[in-house]
Amino acid sequence: MSQITFGRFTPFNTFIHKLDPRNKILLLILLFVTIFLKVSVWSTALIISGIILLILVGLFAIAKISFIDLFKSLKAMWLLIVFLLIIYIFIPNSSYNPSHIAFYIGKYGVNYDAFYQAGYIILRIIMILMIMMLLTSTTSPMNLTYGFEWYMTPLKLVKFPSHIVAMTLSIALRFIPTLLDETDRIIKAQSSRGVNFTSRGFKRFSALISLVVPLFISAIGRSEELSNAMEARAYDPYAKRSRYRILSFTWRDLIGLLFVCLIFGSMLTLFIMDKGSNKVDLIYWIFKEKPLF
């Protein structure tokens, strides 16, 4: 469980850490849309995804986010990756080109297209995880609350409890790493008492019970402590609240917004061109050669 690093805020004084949380939420949405804008030529889609991946790697370096934490989080997703490979390889798809056979398993031909589809989905998952880590690792839970609440401000006109929803989201994000650490601590404690979490059958079910029950009790206890602490500080979600820190849009946010808008605008242009009469084929444009796919 300690391998999952989503939601862990790491306080540094980097360019990305100093960005306005409202701007970072907007940039996250734009990057998400950019990732899911797909062109029909496979080689072009992979090249564009590779460029975006390199940009995200650069942002990781700027934000001083550990790549080891990213690899640990990806390691926890190996089962999903294997599942995707099995689905795309062994489930027939009429869109696959019958001439693109990689090898045969008995009489069943495994298509190159299956590896492309699985690899493309896995690459998207990696980029989504990296974007979420960029947000949660560089933005404190309180700033995330301010950002979400600011975007939900127009809903106050219809009596929507935007502050309560934003605070709930913030607490949920804050408790993810806490519960993961608590789970890891309980596993070690139960293992020292002779519980075997690698066993099979009923013994494995019994081991999971010995994990879930203490974790559930601990979560309830922490939530009650948090509730008592907020009440002791006279927290009123319906009261008009002031803020210690006033958010402001600075030159850093302008640079970040222009940079992401450039990426989003370029991808949107290619997407529109691809949906029109001209298919976007970067390999042919650059090398004047027809790609494999």
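Analyst: Buried means under 20% relative accessible area, exposed over 50%, and partly exposed in between (1.4 Å probe, protein chains only). The model is predicted: local features need pLDDT of at least 70, side-chain atom pairs count only at pLDDT 80 or more, and totals for chains, interfaces and linings use all residues. Residues are numbered from 1 along each chain as its sequence is written, and side-chain values use heavy atoms, with hydrogens and water left out.

User: Why is Trp 78 called exposed?

Analyst: Trp 78 has a relative accessible area of 53%, and the term exposed requires over 50%; Trp 78 is therefore exposed. Trp 78 lies in helix H4, residues 78-90 (helices are DSSP runs of H or I with at least four residues, numbered from the N terminus).

User: Why does Ile 171 count as partly exposed?

Analyst: The relative accessibility of Ile 171 is 27%, which falls between the limits for buried and exposed, so Ile 171 counts as partly exposed. Ile 171 belongs to helix H7, residues 162-192. The C-alpha atoms of Ile 171 and Thr 145 are 8.7 Å apart, although 26 residues separate them along the chain.

User: What makes the phi of Lys 64 worth noting?

Analyst: Most residues other than glycine have a negative phi. Lys 64 is not a glycine, yet has a positive phi of about 60 degrees. Lys 64 sits in the loop between helix H2 (42-63) and H3, and at 53% relative accessibility counts as exposed. Lys 159 also has a positive phi, near 60 degrees; Lys 159 is in the loop between helix H6 (141-151) and H7 and is exposed at 76%.

User: Why are H3 and H5 called oblique to each other?

Analyst: The axes of H3 (residues 67-75) and H5 (residues 112-138) come within 11 Å and cross at roughly 130 degrees. Angles under 35 degrees count as roughly parallel, over 145 as roughly antiparallel, 65 to 115 as roughly perpendicular and the rest as oblique; H3 and H5 are therefore oblique.

User: How do you know how H2 is oriented relative to H5?

Analyst: The axes of H2 and H5 come within 10 Å and cross at roughly 25 degrees. That makes H2 roughly parallel to H5.

Conventions:
Helix = DSSP H or I, 4+ residues; strand = E, 2+ residues; numbered from the N terminus. Axes fitted to C-alpha atoms, helices over the stretch in contact; angles between N-to-C directions.
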